[in-house]
Structure formats: C-alpha cells, structure tokens
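Good morning, colleagues. Please bring up the sequence and the structure, and I will take you through them.

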Number of protein chains: 2
Amino acid sequence: MDIKIHLKEKDIPRKWYNLAADLPTPLLPPLGPDGKPIGPEMLAPVFPMNLIEQEVSTKRWIDIPEEVLDILYRWRPAPLRRAVYLEKFLKTPARIYYKDESTSPPGSHKPNTAVPQAWYNKQFGIKRLITETGAGQWGSALAFACQIIGLECKVFMVRISFDQKPFRKLMMQVWGANCVASPSNETNAGRKILAEMPNTPGSLGIAISEAIEQTVTDPAGKTRYALGSVLNHVMLHQTIIGLEAKKQLKLAGEKNVDIVIGCAGGGSNFAGLSFPFVTDKINGANIKIMPIEPTSCPTMTRGPFSYDFGDTACTTPLLAMYTLGHSFIPAPIHAGGLRYHGMAPLVCQAIVEGLLEPKAYPQTKCYQAALTWAKTEGFICAPETSHAIAATIDEAIKAREEGKEKVILFSYSGHGLMDLSGYDAFMSGKLTDYELPEEDLKKFTAPLKSFPKAEAKKTGKW
Amino acid sequence: MDIKIHLKEKDIPRKWYNLAADLPTPLLPPLGPDGKPIGPEMLAPVFPMNLIEQEVSTKRWIDIPEEVLDILYRWRPAPLRRAVYLEKFLKTPARIYYKDESTSPPGSHKPNTAVPQAWYNKQFGIKRLITETGAGQWGSALAFACQIIGLECKVFMVRISFDQKPFRKLMMQVWGANCVASPSNETNAGRKILAEMPNTPGSLGIAISEAIEQTVTDPAGKTRYALGSVLNHVMLHQTIIGLEAKKQLKLAGEKNVDIVIGCAGGGSNFAGLSFPFVTDKINGANIKIMPIEPTSCPTMTRGPFSYDFGDTACTTPLLAMYTLGHSFIPAPIHAGGLRYHGMAPLVCQAIVEGLLEPKAYPQTKCYQAALTWAKTEGFICAPETSHAIAATIDEAIKAREEGKEKVILFSYSGHGLMDLSGYDAFMSGKLTDYELPEEDLKKFTAPLKSFPKAEAKKTGKW
C-alpha cells in the first residue's frame, strides 16, 4: 500500500455532512441581547441568507455546488497519508494515518470553507467580505477564495501574528486582499481597546468585533462578514475532510478507526475530520475522538458550558459553548489559531453528549512533537497541528505499551513554513508554557451563567 | 481526466537517466590547474568515490538504491498537474502540464539529489557534509536529507538570501543543520572577499569556495562537499522528475510533448525535467526544449562557451560551459537560485548540439507571471519558478495566435512561501530589472579562452 492515498476527482464527496441532524439532543439556539432565541433574519446584516440557511439547517446532507468543487479541485481530494516513518521511530504497532490539509494554496484546511463562503456571498450579490485572522491561515484562505471568485477582501489580523508573521500579510496581498493589524484605529471597538491597552497582543475576539463593526456599517449594504470557524456552516463545509478520509481509509484496507484526533481552536479543523466519525460513534462504533487544545487556552477542558458572546465587544449573539469568558485574552502562544476563548457549539454539544474526549497540551511538548515529526516524516507542521501530533504520539506509545494494533487518524491541519519563529524560540530554549491560573479562570468566567450539562442534555433548553 | 495525475509508488522510476550516454559528441572533460584532463581521483578530497563514479559515468541507466526510494516516497512520485485555470484565463488551445516539485518537505526539487548524495556519502563512511546555498532551497534540502540519513550538515548561505530569508535558515536548523552567511570569517576565501568588499551581497561562486575550503581542510578526512547543481551526478539524480512526468503524460493520454520548459540557474531543475525528452529529440522527436534564465545573469544566452572555474576562488576544476566569468557577481535579483555565473556542462553541451533553445527573462515580467499564476491556479510560486511560468505563458499565447493545440510541459520547481519579500517589492513598484551591460560582460569574460562551438562539437576537444 502506498504511503500517500489519493482519491480520484470523481470520488470527491458531493455533499457536506451536517452533524446537527444526528446529535441526540438538539443544539441550543443562539440568543439575542434580550435572552431570547434569535431568528435567522437577525443574522442578515452579517451573513448572506443562503449561508444563514445552512447555519440553521438540520438537514443531514447538503449538496456541494459544482462550481465550488471546480475550485476545490486545485488541491482536493487531499491526500491521506500513512506516517510510516513516525510509526517506525515510535516502534508502535499502531497504524497512523493523517489527512494532509497542508496542500492547499494557503497551506491549511481553511479554504475548504473560505471557497464556499465566498461563492455563496457572490451568488447573493455581495461585493466585499471582511474577516479577522489569528495565525493568518484563515485570512490568507479567504483572500485566496475572494481572489479566485472575484470579491474584495479585508482582513483584521491579530496584532501578535501580524508582527510575528509578516509573510502571511504579504500572502494575503498577493491574493489582492487588504490586511491590517487588530486592534486597529479603523473601528470603535479597536480604538476603545487600544486606548485601554495600547500594547495588547490582540485576540481573535477583538478582531471579530472589528470585522463585524466594519461590515454592518457599510452604507451600501454590499459587505458581509466571513467567519473561519465556530459557526455551524463552517463545520459543515469542513466535513469534506473526514468524508474524504473515510473513503481513503477504505482504499487503504482499514475497516475501523480506533482514535480520531484534531487540534481545536474554534473547532473547524477538528470538526471537519471528526464529525463523519462522530455519527458512527452515535450509531454505536467504538471510537475515541479527541479535540486537542493548548493548556494556555483550555476552553473544553476547564471552561464552563455556558452561553457567551463569540467576540470581545459582545456584538455577536450568545452561543451555547464551553468558554473561558469573552473578555479572556489568551497568552501569546505561537499556535495563534488556537487562541480563542470559545468553541464551536456543535463541538461543545458533542462534548456534552459524551461523544468526545478533549485534552489540553502545553506548547513545549507540542514543539517537541513537531521536531520529532520533522526528523521522521520530514515535514514541518504548523504550531496548531503540533497539538494533534503530540496527542497522536501519546496514543501511539500507549498502543505500544498495550501491545494493540490501533488505527489512529489525525488531521494535519497545515504546514508550518510561515511559522518558523515559534520553532526558533523553542530550539533556543526561550519558549514558556502557560497554564491558565485558577483565579484568572474564575475571574473571566464569573459573569457567565453556566448551566448543568446533564440538564441541558436532557431538556435541550437553557 | 483529473487535474492532478498521480503515479503509484510501484511505478516510480527505478533507474536514473544519464544524458552523457546519448549526447552526439562526448562531454569535454574537466581540466586541472595544469590544463590537462583530471582523473576521478583528483575529486576524491571533495566527493566520495561512489558519487565520483556517477560523475564520470557514461552508462545510460543507473539504478536508484531501494533505500533512497524509501526516503523519496515521502513526497514522490510527485504530482503532474494540468494548469486548466491558467489555460482558461489565457484562452489558449495549448494543454499546459506542470511537474509539481513544490511538494517535497523543503518545497523544491532539490531533495531529489540531496537524498542520494547524503546516502552515498553515508555509505562511504562520511560523517559531515558541507555545502553552499543561494536561495536557501538547496541548503534546506541537504539539511533535510542529512537529518533523515544521519549526517552532520553545514551550510554557507549567500549573504543576500541569508538576510532576505531568515526562515530558510530556521528551516535548516529545524533539520539540525548549521547555517552561516557567506562570505564568512570562517574561511580564507571568505575573509579575503570580506576584506575587499565588506558589503558584498555574496554569490554562489563565493559560497562554493568557502564550502570546498572547509571540506578539504578537515583533518579527520570525514567531511565531504555536496553540490546542489552543475555537476553530472546532480543532473542524473534529478532525471527522476522527467521520467515520472513521461509516465504521467501517458496516463493523461498525451502521446507527444511540443514544448518543455524549465528555469535554469545551475541547470539541475531544468535538466531533471528535460533530459529524458532531450534523448527523444536526439532520436528525432520534434520538441522545443527551453532553459530559462534571468536577463541579469544571461549565462546561456550571452556568455561564451569556454572553460571556466565553477567558483570565485578558482578552486574547482575547469569546466566546459557557458559562463559569464567566475568573478562575475550577478545583480541581487530575488531569484537567488538563478544567480550563478556558469551552467551545468551537460546542459551546455546540449546547447552546443543545438538541442536546446535558451531564453532570458527580466524579473518584473516573471513576477507579473507569478501574480497571474496566483490569481488563476491559486498557488504562490518561487521566484525561480516564475521564469518558467513567464515562458510558458508566452508559448501558450503563441499557440493561441497560431491556433495550435500544443502540449506544453514545465517544471514547477518550488513554492514561493518563503520568498514573499520579492513579491512585496514587485507589488509596491520597487523592483528593478537588471540588464547585464555589454562592457561588464566583456570585462568578466575577457580572461576566458572561449572556443568555437562548431569546432568543439566536431572534435569533442578544447
């Protein structure tokens, strides 16, 4: 069997999978400022109606438009790869597969949703998309998609990444986008935070506030906002990852998967790979499904399950999710894409249902795993991806200790070629681990009304 | 037919192709300081004997060791891709294919030879490899290969690239290599040049001198030098590119290729793709085969065919090649990999034989082509690769004007994710074209005894 398992274009999945159709308990609805569930029309200033329909849909399968597939073919179907060199190094009986999302033009899984989002906006008559970006993966993915589809693109980039990754900004410019550091002076939200904390490294929450503010204040009404994670329609678009992986595992002769692993910041990469397996688990399959987060931003492992805002300035609807509080600003770890206070409601609901086993890793352990990866498999992974690799290595070692031939699948969410400053810091011994102090956790989550998971699961109500 | 044409591992070429076996006139031999042909033993302080055997071999096919293939499988067989989006944009009847060498861990074709070179050195009992690098592609490829195979690695990186591309240096460090800027204070050659020109951007010629000096002065004799281009064994290893491409074109249903294009600095990427097609041309096929170089370093289009040193400090044997003179330092264009005064003797001999049609392009035209590529195909190419794309676009437009369904194949030698400062300079209008002034050409080539090509072709002698 080849190391790289390729699907033909004709075998690409033609429908996205919607986990909302199969969750044992329905998703808790987003709430408006009045605490009442919001209707789809309330999202209309921010998103086009065709995407809002996907956002609230509980249909199990949703067609992928042919024109979207035509664009995705530039890099999809993406390869499934067997990590034979890592297996050998670890002397593990486990068979380790990874879905390689680093082969897209921007180098991550992000364009899987950037392309359909840009396409649906274009269909709806929109002229410009605005977004935020953490590590820069999402911003460059949206820039790429807008360039191909023919939309203007504006990106608010979290200050710390803007400074650490000048090349990401240039990448967006190559694809014709306008990229500014957040907090910026262009919005009320940005100006307010700069006045309070002029040296803030920024955060996804702040950048989201800026992007939404600039979107809804377009007098022509031809601007919409695009979000790279968290929302249901984003998870939906990413399921192409796991749907392809299932077909490829079959080609590789695997009947079962024992462990599925993905790093999770807002949840889209993890959801994309895992949701098609979560449905198997709902139907009785014995699979351990693990979203991995940083210890410095332990949303799923330590945050309460609660209603909270998606952004810092409290402009989004309230979402039912694990959260560290919307005013929490994570430590400046190098995995910028994992620095988010909340988590996709679909992922959170699956945790409530007991379908997932989240785990947190400190960044030095992840960089150690990344170096092991570079030494064995040869490739240089993104700092976010290193979290999945660290967990994979732990599971592969456990399989060795147990003497079990487990099948492990993880998502190789992106390459790290533009994130080498983190490697530099690690190799020169300058990297610190951040454990979120208990008092900070209490402080930031105190205003939240967290609610008993068991109750929420039983009633599906707040 | 899919856009991406994949070969199975079992169909990977198992032998390299040696053009030296088929050239109508034998290669002119390298000469020693006394002007007489050197024997293989004179190269022994610099290269291991098993590679020297390949260097002087005229055997047509040379086996690729299984252990080398085992390493290459990390990214090989590399995809052949059809540039359907560019074709559509250009409204050309031409079918454009490109061999995607950007999928290797270091992001270019360079590891195709770095891996066998490191492997043969290891077999020969060598402990450490030293090399130079221009754009950083070769240095990182050798670092990668040495890491996988278990050798120490030292890289002298041309100063201008060292400064422009800090991430390339970090990449080498991730793979355990030691990378220093050249000219450096570590060698006599470096110190001499720094004394004369403290602000020199450096050049491949200087860096080669430093690497060779440090190699031959290892008292333990366990160090060898590795060259990323120019030499016959390097061209040999790269032919896996063209051999794979031939099989893939067949899978795509193509019976003939009309035009083969590759950028050429030292010649290895171009040779790798084209040599298996050059042999078809020798046997009567009607193929236009084009090595593309920058106008600022017009070795093949304006340099005399002559014996010259491969490096600035005159430490290498004299090679019969097109050259701008070993003391020529090319302008600081962003395509660092194309800044070399000479050219692979095998490529040069093929030009003398009338088998190739070299062409020079200015860098702004190449960056324009790179932006067109990013807008259509979506990927960001290396500045070197943009030269091949610029020529491909010209040929595709010509095919449109002539109304001919030509098949064009070019080598996508690497991605440009770590070369974005050049894009920045171009997009902000700061990029200049350099045309080599005639008086400079005369000055640098005056000491060379160039010799009539017709005579050389007839007699095979100096």
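Predicted model: local features only at pLDDT ≥ 70, side-chain atom pairs only at ≥ 80, totals over all residues.

Let me begin with how the two chains relate to each other. Chain A can be superposed on chain B by a rotation of 180°, with 0.0 Å of shift along the axis and an RMSD of 0.0 Å. The two copies are therefore related as by a two-fold rotation axis. Which surface does each copy use in meeting the other? The interface residues of chain A are, to 100%, also interface residues in chain B, so the copies meet through the same surface.

Turning to the extent of this contact, chain A contributes 46 residues and chain B contributes 47 residues. Between them the two chains bury about 3700 Å², and 62% of that lies on carbon and sulfur atoms. Within chain A, the residues that lose the most area to chain B are A:Arg74, A:Phe167 and A:Val174, which together account for 18% of what that side buries.

What holds across this interface in terms of polar groups? The rule finds 21 residue pairs in polar contact between chain A and chain B, counting pairs with both residues at pLDDT 80 or more. The number of salt bridges between the two chains, by contrast, is 0. Several helices of chain A each supply at least two residues to the side that touches chain B: H2 (66-72), H5 (137-149), H7 (166-174), H15 (363-376) and H17 (420-427). Sorted by class, that side of chain A comprises 24 nonpolar, 10 polar and 12 charged residues.

Which of its residues are buried? They are A:Leu420, A:Gly422, A:Tyr423, A:Ala425 and A:Phe426. The cover over these buried residues includes H15 of chain A and also helix H7 (166-174) of chain B. Just after H17 of chain A, A:Gly429 adopts a positive phi of about 75°.

I come finally to the salt bridges. Over all chains, a search of the whole structure finds 42 salt bridges.

In one of them, the side chains of A:Glu186 and A:Lys154 meet at 2.6 Å, N to O. This pair links distant parts of the chain, 32 residues apart: A:Glu186 sits in the loop between strand S8 (178-182) and helix H8 (188-196), and A:Lys154 sits in strand S7 (residues 152-158). Is A:Lys154 buried or exposed? With a relative accessible area of 5%, A:Lys154 is buried, while A:Glu186, at 37%, counts as partly exposed.

Another pair joins A:Glu402 to A:Lys406, with the closest N and O atoms 2.9 Å apart. Here A:Lys406 is buried at 14%, and A:Glu402 is partly exposed at 39%.

The remaining pair is A:Asp11 with A:Lys10, whose closest N and O atoms are 3.4 Å apart. A:Lys10 counts as exposed, at 62% relative accessibility, and A:Asp11 as partly exposed, at 27%.

Beyond these pairs, A:Arg76, A:Lys99, A:Glu101 and A:Glu244 are linked in a network of salt bridges.

Thank you for your attention.

How values were computed: Residues numbered from 1 in each chain as written. Chains lettered and ligands numbered in written order. Heavy atoms only, no water. Contact = heavy atoms within 4.5 Å. Buried area = accessible area lost by both parts, 1.4 Å probe. Salt bridge = Lys/Arg side-chain N within 4 Å of Asp/Glu carboxyl O. Polar contact = N/O pair within 3.5 Å; in protein donor to acceptor, adjacent residues only side chain to side chain. Helix = DSSP H or I, 4+ residues; strand = E, 2+ residues; numbered from the N terminus. Nonpolar A, V, L, I, M, F, W, Y, C, P; charged D, E, K, R; others polar. Least-squares fit on C-alpha atoms with pLDDT ≥ 70 in both. Buried < 20%, exposed > 50% of the residue type's maximum accessible area, 1.4 Å probe, protein only.
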